[in-house]
Amino acid sequence: MTGPRDLNAQIESLVNRLRRRQVVGSWCVSIETAMLLRQVVSATRWNQVETLIKVVKEDVGRRLVMAQPRELAVGNIVCRVLRLIREVYNSEDATFDDNSAEDNDKDSNTDDDEKDEEIKSKSSQKIRTFSFYGGSGTGTNTQSSMINLLGDGSPMGAKRASVDDYRKPPNLKPLIISELQEMINELENTYVNIIDQAMEHIHSNEIIMTVGKSRTVEMFLKTAAKKRKFSVLVAETFPTYLGHEMALSLSEAGIDTTVISDSAIFAVMSRVNKVIMGTHAVLANGGLISVSGAQMVATAAKHHSKPVVVCTGLYKLSPLYPYDEDSFNDLVAPDPVFSFNEGDLIDKVTLLNPYYDYVSPELVSLFITNTGGHPPSYLYRLINENYDPDDTDI
Amino acid sequence: MDPVKKTAKELKAERRALQERQRAEKAARAAGNAAVPAKKPASGSGASTTVGSTSATSTTATPLSETAGSTKTTDSKQRHSLTKEINSKQVDMFSHLEITKGANTGLAPKEIHPAILVLGLQFSEFKICGANARCIAALTAFQKVIQDYKTPEGTTLSRHLPTHLSPQITYLVNARPMSVGMGNAIRHLKWEISTIDIEMSDDEAKKLLCEKIDNFIRDSITVADRVIVEYGLQKIQDGDVILTYARSSVVQQLLLEAHTKGIKFKVIIIDSRPRLEGKKLLNCLVNAGINCTYAFLHAVGFAMRDVSKVFLGAHAFMSNGALYSRVGTAMVAMMAKEKNIPVIICCETYKFTDKVQLDSFVMNEQGNPNDIVNISTTLAPKPGLLSEWLNKPDLKLLNLLYDLTPSKYITTVITEVGMIPCTSVPVILREYKPMVQ
């Protein structure tokens, strides 16, 4: 395949594009990162899994995250890939152990066989859990790796170590790459899985409020509009005016759309049935990093007791906690707020133009993701299954 | 009365010519705009009633306007057709509130005083906006009308003057719906007229009325503002960070006075589209040397972090303790309440009203939806993505001007009779203004 120099060039290219914000939107960023990491896994030479993990995490992953720290999707994908690698390694390890211990000649590449083996297996330190996303049929808890670090609970540990170096590479690489490919397919099908749920949530003659421009919400509403008749109020979110684009697109699909100014959100909220919005990122406590103005809408909805539904793919779920609300926010150019040709007031005035808003998890009622609908209290489980705690310091 | 009778035949001929021209224009327009009215089955009933009402008012206006030349009629027709299009795109929720046609000096009846004509134009173009400013401007214009008034034979001033003033008031209301304070002021004026002694001569009566109007402005607005500022100064201390929304004349006076007294505080001004009134306040405060921060409404959550007090102005105060003010005030008050920051309203008592209102739908004002299309923040308009909104059948724009803040978000109200909780508004009305009711 491609040599290491080409790989480096690809990495450099993505890093530069991230830094210059030429890759726009979490979805595009996620897919590009995932494909790049697949290249890394296939093109790098590695004998032990630890080397691969180090390459992915420190060499490539850290560079990508540093290029655009506000784009949390990059870190999410890197964490997912690391988790995948460790899982494949652990499950391969188990079958290899069983194979060598019981002297069976089973083909360890089929998922069903692995499951049977592990249920019958004697290596009890592996705890089997189900993972809810596509990919391997079994998963291993991270605690298993911690137990291994503390010293082996089984007499086979020493034996395993000696045959590790010899047996790993031919089996693991194609497995890991196939898992990565599945993850990329899942990413590409994110929208399809989300919009399939549209009919359950939108009914006739509803008035739905949305804020900003989210591709997910747009497709969600357009799918529902094919069979149901409802109307949408779009808050225009100045100074980015994303609401204008959203309204144009929705009205072209035949949905009855009204554009309102941000100031009228509280005034019309009493007639709205539900609020559906997208988000830039979802944090580990269920809070959102969303477009500026979302906090207003969510608070107004809570005061009127209207449900707030967030449509997002799981790739936006980040294992980070918002210890400080401002750490994820960006203050962008104040020109749309107060432009230069307004005169000499500019020197004497402080102008605020935050790009993002933090919405606390109490304000959100439901997350609609590609794996189904979840309340904010369930997100910690999804994080446990998709990410490893050692990786959050990328 | 005579001019109308004389030119009845000319009038008929002119009207027929007008109709022919309108018919021709409609045929030309129908070819282009066939899509717009056709695809509206749901809002069809709402649209037809609003269109019906606008055409009804216009036909009452046109017979009186024999002064209108041909150019003026085409202008008014164009604006008329545009308003018809905008009216056919009314948002259903607000179809009970008509979008005002604006002041049309060409179609004004003859007896409208020129001062009122000017005022109507200024109101509809938003050159004068703000409850206090509009009230003072309207009362000053009425002073001029009264000064130029002559009681006709066979009737007294106290009986005829109100009927003389009524068409002027109607014209102003058509230009822009009256504010609650203005309504109270005009009711007070009518009461004053009715108590004029019949024996008094015209000149004396007119002089007395003008004096009474001056007194009203002085007592209810100017001096009241000064008393409110005095009370408000007790609430501003060193180190305060004060947040205010859009532009209230009373809050502006309060902040300027606090600065002259030497109190060290910072101000955060939150502004919103499409009126962008906060800019004027910003200019004024910065020129006085106050440390100001300026942001749009979307940043209110971000800016609210450091705020210690919120001062807001009022357009009117309802009897159920709800505040009727510039759209967006409710949002600011709610966000402040979320963070347990006190919300202080500065309001004169002439803005109190007997009405009760529960939400922002019952009584409101819709502005021109085209204001939303322009996305620049400076005077030069810059059309954004929505400039073709009239051609898109499913797209509507809503430009609300006022909203209602529920009483639970308001901490206290500063009036010239003291600092009261917002639930005491009907008590004030009962105690201080029984005569006007």
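Buried area is the accessible area (1.4 Å probe) that two parts lose on being put together, summed over both. All views show a predicted model, in which local features need pLDDT of at least 70 and side-chain atom pairs count only at pLDDT 80 or more, while totals for chains, interfaces and linings use all residues. Residues are numbered from 1 along each chain as its sequence is written, chains are lettered from A and ligands numbered from 1 in the order in which they are written, and side-chain values use heavy atoms, with hydrogens and water left out.

**View 1. The two domains of chain A.** Domain 1 of chain A spans 4-188 and domain 2 spans 193-391; these bounds come from an automatic or database domain assignment. In the contact between them, domain 1 of chain A places 24 residues and domain 2 of chain A places 25. Contact here means heavy atoms within 4.5 Å. The two domains of chain A bury about 2200 Å² between them. Carbon and sulfur atoms carry 48% of that area.

View 2. Six salt bridges cross the interface of domain 1 and domain 2 of chain A. A salt bridge is a side-chain nitrogen of Lys or Arg within 4 Å of a carboxyl oxygen of Asp or Glu. The side chains of A:Lys57 and A:Asp391 form a salt bridge, at 3.7 Å from N to O. Between the two domains of chain A, 15 residue pairs are in polar contact, with both residues at pLDDT 80 or more. A polar contact is a pair of N or O atoms within 3.5 Å; within protein, one must be able to donate a hydrogen and the other to accept it, and residues adjacent in sequence count only if both atoms are side-chain atoms.

**View 3. The side of domain 1 of chain A that touches domain 2 of chain A.** α2 (26-43), α4 (72-102) and α7 (157-188) of chain A each supply at least two residues of this side. Helices (H or I, at least four residues) and strands (E, at least two) are DSSP runs, numbered from the N terminus. The largest share, 10 residues, comes from α4(A). By class, this side has 11 nonpolar, four polar and nine charged residues. Ala, Val, Leu, Ile, Met, Phe, Trp, Tyr, Cys and Pro count as nonpolar, Asp, Glu, Lys and Arg as charged, and the others, Gly among them, as polar.

**View 4. Chain B against chain A.** Chain B brings 52 residues to the contact and chain A brings 56. Together the chains bury about 4700 Å², 65% of it on carbon and sulfur atoms. B:His298, B:Phe302 and B:Asp394 supply 16% of the area that chain B buries against chain A, more than any other three residues.

**View 5. Polar links between chain A and chain B.** Three salt bridges are counted between the chains. A:Glu252 and B:Lys392 meet through their side chains in a salt bridge (3.6 Å, N to O). The side of chain B that touches chain A has 32 nonpolar, nine polar and 11 charged residues.

View 6. Strand β5 (residues 256-260) of chain A runs parallel to β8(B), joined by four bridges. A:Thr257 has B:Leu395 as its bridge partner. Two strands pair if DSSP finds at least two bridges between them. Within chain A, β12 (residues 366-369) and β13 (residues 372-374) pair in the antiparallel sense over three bridges. They form a hairpin with two residues between them.
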